[in-house]
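The following exercises are to be worked with the sequence and the three-dimensional structure at hand. Each task is followed by a solution in steps.

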Amino acid sequence: DFVGGAGIVAKHLKQAGAEVVFSTVLGDDPLGELTRKDMAKAGVDCHTIVDPTRPTTNKNVIVAGGYHLLKVDTVDNRSISEKIVGQLQQRIREIPADIVVFSDFRHGIFNRNTIPELTKAIPEGKFRVADSQVASRWGNILEFTGFDLLTPNEREARFALGDQDSVVRPLGLELYSRAQCKTLFLKLGERGLMGFRAIPQSNAEYARSFFTLDSFADRVIDAVGSGDALLAYATLSL
């Protein structure tokens with residue numbers, strides 16, 4: 001048993017040396033308590049909101065012989081209430097921070113109605129990061145526009161653009177343009193990633209607006225969680 005989702009992003013950031021405040025919505029249940037204790041042990045300042053009407057998101061994977069055979073999830077994907085949106089907005093506005101990270105798994109906190117409200121609450125001048133990691137749910141990374149860093153994978157990019165056919169570079173360029181972000185890392189699994197960024201005219205002859213990076217992984221046992229790690233360390237590096 002371990003804390004995953006946005007919680008593991010917070011733990012990565014803390015382990016890398018950042019002071020981290022983590023806000024999320026938990027159920028009034030033993031898994032919610034396990035989450036709070038685990039985050040406190042990791043040194044993360046946990047500002048959780050308890051919603052007694054929903055369970056803490058719980059995902060179980062049955063693995064045999066290295067193969068993922070079955071997933072059994074206990075989730076409530078209803079949108080959070082207006083009251084909880086207001087509580088999260090208040091925390092985003094009032095808690096001092098250099099960086100605000102929206103780690104989105106589409107289990108009720110982030111959707112087309114709440115994202116604009118939560119984004120508006122980010123104070124001017126903060127480094128803004130978003131990632132919409134969607135396995136069994138729909139999610140559109142283009143709902144996070146004007147951010148400093150986005151880190152979608154190829155599937156999420158194709159979904160956002162409704163594009164099943166373009167090769168990777170034009171796909172990434174189109175997403176980068178539409179998202180109006182400063183840096184975009186398009187995750188390509190075992191092929192590594194492709195980065196897109198704006199290059200100041202004064203530096204145009206020394207740097208390229210896009211670049212590729214190999215995976216560095218010679219023998220992958222289980223890739224689960226690698227996107228969370230990339231999100232955390234890319235955020236702090238930038």
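**Exercise 1. Determine which residues outside its sequence neighbourhood Ile122 touches, not counting residues up to four places away.**

Step 1. Apply a contact criterion of heavy atoms within 4.5 Å. Ile122 then touches Ile92, Val100, Phe102, Arg128 and Phe147.

Step 2. Helices (H or I, at least four residues) and strands (E, at least two) are DSSP runs, numbered from the N terminus.

Step 3. Classify its exposure. Buried means under 20% relative accessible area, exposed over 50%, and partly exposed in between (1.4 Å probe, protein chains only). Because its relative accessible area is 7%, Ile122 is buried.

The model is predicted: local features need pLDDT of at least 70, side-chain atom pairs count only at pLDDT 80 or more, and totals for chains, interfaces and linings use all residues. Residues are numbered from 1 along each chain as its sequence is written, and side-chain values use heavy atoms, with hydrogens and water left out.

**Exercise 2. State how many residues the largest nonpolar core has, and which have the most contacts inside it.**

Step 1. Define the set: buried Ala, Val, Leu, Ile, Met, Phe, Trp, Tyr and Cys residues joined through side-chain atoms within 4.5 Å.

Step 2. The largest such core has 36 residues, and those with the most contacts inside it are Phe102, Leu118, Phe144, Leu150, Leu175, Leu184 and Leu186.

Step 3. Elements giving two or more residues to this core include α3 (82-94), β5 (99-104) and α6 (168-179). The largest share, five residues, comes from α6.

Step 4. A second, separate core has 17 residues, among them Ala6, Ala10, Leu13 and Leu231.

**Exercise 3. Identify the elements against which the buried residues of α7 pack.**

Step 1. The buried residues of α7 are Gly227, Asp228, Ala229, Leu231, Ala232, Ala234 and Thr235.

Step 2. These buried residues pack against α1 (5-15), β5, β6, β7 and β8.
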